[in-house]
Every structure is written in structure tokens, then in C-alpha cells.
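Here are a few friendly notes to read beside the model.

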Amino acid sequence: MKQPIQLSRRAFLATAGGAISVPYLIPGGVRAAEGKPGANERLTIAVIGVGGMGGHHLRDLKRFQRSGEVHVAAVCDVDEERLASAVKTAGAGVDPYRDYRYILERDDIDAVVIATPDHWHAVQTVHACECGKHVYVEKPACCTIEEGQAMIAAAQSNKMSVQVGSQGRSQHEAYLAHRYLANGAIGKVHTVTCFHYPSPTDDNPVPDSDPPAELDWDLWLGPLRWRPYNKRYCHGVFRWLMESGGGQIRDRGAHVMSCAMYWMNADGTAPVTIETTGTSPTKGLWDSCVNMNVTYTFKNPDWTLTWNQPGEPVPQEERTEGEPQISRPGYGAVYHGDNGTFVHWGGDGGTWAERKCREWTPPAGAIEVYESPGHKEDWFNGIKTGAKTIMNIEAAVGVADLCNLGNLSYILGRKLNWDGAQRRVIGDEAANRMLGRPQRHPYHS
Amino acid sequence: MSVSDLGRTAVAVAATGATAGAAENKAVDELIAHVRDESDTVRTDAWRNAGEVGAPAVTPLAAVMANEALEVARAAKRALWQIVRHSGRPGADVERKAVIAELIPLLADEQPGPVRREVLWMLSEIGGGESVEPIASVLSNKELREDARMALERIPGEASLDALEAALEAAPDDFKLNLAQSLRQRGVEVPGLPCVKLAPTKQTKVTPWTPADAQPETTAKG
């Protein structure tokens, strides 16, 4: 394995001020060699962001490492304590980094898993693709419409395989649900109503303060506008701030609505109107909706998707001993068809389909749908064969757009008429200006 | 009467002219009083419905943003944002321009830094050509120049582009790359100033794990 360089020539130039006289600091040679790893070739992978879901991914990759499919070469985090813990989990021979760009410089690394806070997803995915790395990035794909477009462009132009972590699509019962709906078991589906419990509120707000010594706050914020550190705005709880996490709709919405778009065969389509109502936290820093109702209308074919916090939760069904038990019944969706309804709970790593779907036997000539071998396995296959991943970047950006437009309608307090082809809000220039946001130097896509 | 009702009254009465000022003042006073209220619910209701109170509330709300009570200051900021976003709605050009006219003086040096920073971002959402010069004047402030740069980047049109190009000419070396980033985002080639987005700069003190780091296993006794 090539040894990592801790202070690169490019970094030296940048820090020494020599950059000013250099026309282009990023040579094309940083890109990986053309071609795909062979079918039997072991993939060398790094994990960027190792807290929360990142820790899960690291442990998961160790499982694949034991079976010889991958080699974990590096881990990265802006929190030294989390990084030290990850180094211990990763074991010998794994290099730690604070700055993910050192990883992108290494030409021995084929792919990266990105599990940083949401506001980093787009920038890091774009950079990784530009440096010839395949990407598995946590959901939601992006925080703005423009970020999503940059991700698609980077993946397509650099021919990188990107899998987004809406892993519900890869669950076995999701496959059963997809097959059930695709074969018209409840007729033509005209409405999908998602339900999810409300977002939490911050009952103990605190003032801004200095960041803890182990945290590189500048690098944590990355592309976001500068703001002082606050304990209620960092690991885990970033989820409840609009500019970073976007609330439940961008967290679980990126799962439940991912299933809806896939099963409705609606990837690549977009709603024509988005209208949101919601309630706000009554104190504290968090500003995402507590309760929320979003209605998306689709045309040609016509159907309606709604996101509801809390909506009308469906009590979980009884399952017999030995059947996979529903561990997260607080969210899911009801599909309303001409000939009946269908319910699923969860929609992420746990996706549970109603009994009648699980017991449904496809008739002769039934439509078959793709069954994913597993979300990471599907990604590995994409890397090695060039096949589209089940939650490819185009599909994932489409789902993230739903989440982001739902939040935008709430923020603006008005209905949005959406031109999905042009990705513009019709007749609303202030809304269009909010489809992207300027990024702080030098953390831009 | 709720703040929302007062806002609607202010807008409706404004059309009649004579009593407009009184109605606006009443709506603003009510809004400020509710934003400063001790009750979380009253404050939240006030800022959520502040949009229709509009431009007359901008300066008074900015003053409350500096309040020592954290939640009161936060409610004032959120109320101001509601006004900005309400005024940006389609067909509200007169209201939008009135709000911009109230926001621009809040960029002045004597205003608190957090207020100026917030106003830069507000103008980035609804500002037009009239906002460019006031924002560009903030580029000389080391604490706020990055926010001012991003605000200019976001405002469409030739005026903001010209301001960014002029700023690049005059900028100190440690800010030129920032401005170059904005210009590239706006589709301008910037020869001689490299894009540094992929250049790593920050090193960790954490070292790779080695077998020697393993804790010796303890043996249970007894």
C-alpha cells in the first residue's frame, strides 16, 4: 500500500501562500486511473465521518473485510475523540485523517463511504467523484436543489458509481412490497400517505460557546455560513436545524419517500406542486418543523404523495414468533389503490410489509422486480460492472428534492409550483434564489 | 386581536392612507411586545405571524435582536426573517423594496455584528441592485467580509458581478481566493487564482492503531 502523504505539495502551496502564483492548483492527475476494478478485485475503501452512522458503516465494512471483499484503508473525522475511537475499531494498518482531502489524494483508494452531517454530503461527493473515487453517501443526498445537480453532474462526468444510503430499497420486505404493488395487487395507486412522529423540541437551550478542544468546528461547519459553536448544533442534533439536517422529513422522509418513488416507478419524475403547513418549536435553536404536512401532486400519471408528522400512524400488525419483528412502527406509509390499501412500517434498514403482501403469491406471468443483494453489495456491483445502483444519485437527488422543497414551502409559507424539467419554481424568484446557497470558502463543490 | 390580525389590518388600512401610520404603529408595537413576552407560546405565535407587519417592524425588531434574553433575541430574529420571506413573495415588489430599504441601514458600522451578518443573508435572498453597494462596503470588514461575499454571489445581475470583480482588484491577498470562488460560481474565469477546494490543510494528532496499543486482557479471578 502506498504510504499517505500528510502534507502534500498542494497543501504546502496553499498554506505557504504560494498558491496565488499557481494558475491551477488541482491537476487532472489527481483522478484515479480509468477503468473499473475487476469482479474479483478487493476494493480499498475509506470512511469519512465515523460517528453515528459512520461507526455503523465502519463495522459493516470490517465484516466485508473479513470475507475478503474490501480493505478498509483510512478513516476520517473532524472530532479527534471520534477519530481515535474509530482507529481502534478499524485496527492495524488503517490511517486516520482529520481532513478528508488527504484521502482523496491517495490513488490506492477506490471508494469512500461518506457519513458526515448532511451539509457536507454534496461537497464531499462532488470532490470524491472528481478525484476518481466511487461513493456511498448517507441520506439525504443533499440540502439544496443546486447541490443535488452538482452531485449528479460530478458522478456522471467522472463515471463514478454512487449509492445513497436510503437502504430501505434493499430490504427483503421492500422487494416484496415493490413486487406486490407493481403487479397491481391493490389496483392503480392514486395516493401515498406517509406518517411519522413529530420532531423533538429543545427543552434546554443553551447559549453559544467555545467548541470542545477535540472538535475542529471550522471543518465541521464546512460549506455552511459561519456561526459560533453551540452544544445544540453538532453531533446527532444537527438533524433538527433546517440549514443542516432539515428535520424528520429530510431524515426519515429520505427513506419512506424513497420507497414511494421506487415502488411507484416515479424515479426521474417530480411533483408539479408542493404545499406545506407546519408548526415550529417554541424555543431553542432548532428550527425544523415539529408537526408537518406536505402535499405533493404528480401529473402524468396523476397521484398524490403526502408527508405527515404525525399524520395517522397505523398500529403495527401482530407478527408470529420467528417472523421479523417490527422494531420501528412509528413511521411508514399507506398506499391507497383502486382496489385496496397496503401498509408498510419503517422504510430504512428496517422495512416491514403488511402480511397480505408477504403472503401474496405472484401469478403466472407476473412482473418481476429487482431484488437487491444488499445495499453495499449492490454498490460493489455498481463499481465493478458499471450497473446503476438501486439508490443511484439521480434517484436519490429526486427524493432529496422532495424533502428540500417540502421544507422550502414551509419556510416561505406558500405553495410552490414546480417545473421539474427546469428545476425551477414557477413565477417565484425569491424561492428560486433559495434553491441553492453560497458556500463558505474553501469548502465548495 | 392577534399579531396576525394586526398585520392584516395594517396592510388593509394602509390602502386608505389617513390612518395607515397609526395602524402600522399599533401592529409594530403589538409585535414587539409579543416578541418580548415571557411566554414561549406568545413569542412563537408573534414571530410566526410577523410577515404581514412588514417593513415598519424591521428596525424595531433588529433592536430586539440584541436583547440579553436569548429566546427574545431569537424570536426577534425569526420575526425579521418572516418579514423578509413574506415580502419576497410573487407580486409583492413594493413591500419587498420597502423591506430592503429598512434593511440596508442595518449594515452600518454602528450596528451589532450579529445583526449585520443576519441582514447580509436576508438581502442575499431578496436584494436587488440597490443592495449591492451597501453589501460591497462590508467587504472591508474582516469579520463580515465572507458573509458579504456570499451575499453578493447570490444576488443576480451585473451590479453584483461588477462589485465582486472590483473587490477582487482591491482585496488583500488573504481574501482574493474567496472572491475568486464567487466569480467562478458566477461563470467568470479567474486566471492566476487557483481553486484550492481539494487542497488538504488540516492534520490530525491521532495516530494509527498498532497491536502494541491493545490493552492486555485481564483475567477474572475468584
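The points below go from the numbering to chain B, the interface and the sheet of chain A.

1. This is a predicted model, in which local features need pLDDT of at least 70, side-chain atom pairs count only at pLDDT 80 or more, and totals for chains, interfaces and linings use all residues. Residues are numbered from 1 along each chain as its sequence is written, with chains lettered from A and ligands numbered from 1 in the order in which they are written.

2. Chain B has 11 helices and 0 strands (DSSP runs: H or I of at least four residues for helices, E of at least two for strands, numbered from the N terminus). Of its 222 residues, 47% count as buried, that is, 20 or more other C-beta atoms lie within 10 Å of the residue's own, with C-beta atoms placed from the backbone.

3. Where do the chains meet? 45 residues of chain B are in contact with 57 residues of chain A (C-beta atoms, placed from the backbone, within 7 Å). On chain B, the elements giving two or more residues to this side are α3 (40–48), α5 (70–87), α7 (113–126), α9 (145–154) and α11 (173–185).

4. Chain A holds an open sheet of 9 strands with mixed pairing, ordered β13-β12-β11-β7-β10-β9-β8-β14-β15; strands pair if DSSP finds at least two bridges between them. Its edge strands are β13 (351–353) and β15 (424–425). Inside the sheet, β8 (273–278) and β9 (292–298) of chain A are antiparallel over 6 bridges, and Glu275(A) has Thr295(A) as its bridge partner in β9(A).

Notes:
Two residues are in contact if their C-beta atoms, placed from the backbone, lie within 7 Å. A residue is buried if 20 or more other C-beta atoms lie within 10 Å of its own, exposed if 12 or fewer, and partly exposed in between; C-beta atoms are placed from the backbone.
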